[in-house]
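The sequence and structure come first.

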Amino acid sequence: MYLPQQKLLEALGERLRLARLRRKLGVDITCERAGISRMTLYRAEAGNSAVALGTLMRILSVLGLESDLDLLARDDKLGRLLQDNELTPRRRPPANIRPGDEGARQRRKTP
């Protein structure tokens, strides 16, 4: 995993830990409600990339933050930009010229 991606996971883990502490939930209670082991919670809060998305969802649910998952990749700015670039109008040749017929047009113009 690249360093910027690891930093994002670590920041997520820290936010999970802080959310748990703000709710005054201990490790044991959180693990019991999420149906995970203490080690899994520690890994999630450390930003370990091996923690499954479903596990993160269960932790978010215990913290009352499961709707935050809906915000991931919601506004795909890059994808929309790429899509819009493909939708640029194409220029059509004038109606009296057909593709591949340029030579015939030039022959008609000469007296």
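Helix α2 passes helix α4 in a right-handed crossing, helices being DSSP runs of H or I with at least four residues, numbered from the N terminus. Right-handed means that the near helix is turned clockwise from the far one by less than a right angle. The axes come within 9 Å and cross at roughly 115°; they are lines fitted to C-alpha atoms over the stretch in contact, with angles from 0 to 180 degrees between N-to-C directions. Contact here means heavy atoms within 4.5 Å.

| Helix | Residues | Contact residues |
|---|---|---|
| α2 | 27-34 | Thr30, Arg33, Ala34 |
| α4 | 53-62 | Arg58, Ile59, Val62 |

The model is predicted, with local features needing pLDDT of at least 70 and side-chain atom pairs pLDDT 80 or more, while totals for chains, interfaces and linings use all residues. Residues are numbered from 1 along each chain as its sequence is written, and side-chain values use heavy atoms, without hydrogens and water.

Glu45 is found in helix α3 (residues 38-46). Its relative accessibility is 10%, so Glu45 counts as buried (under 20%; exposed is over 50%, partly exposed in between, with a 1.4 Å probe and protein chains only). Beyond its neighbours within four places in sequence, Glu45 touches Gly13, Glu14, Leu16, Arg17 and Arg20.

Helix α1 (3-22) and α4 each supply at least two residues of the lining of the largest pocket. The biggest share comes from α1, with 6 residues.
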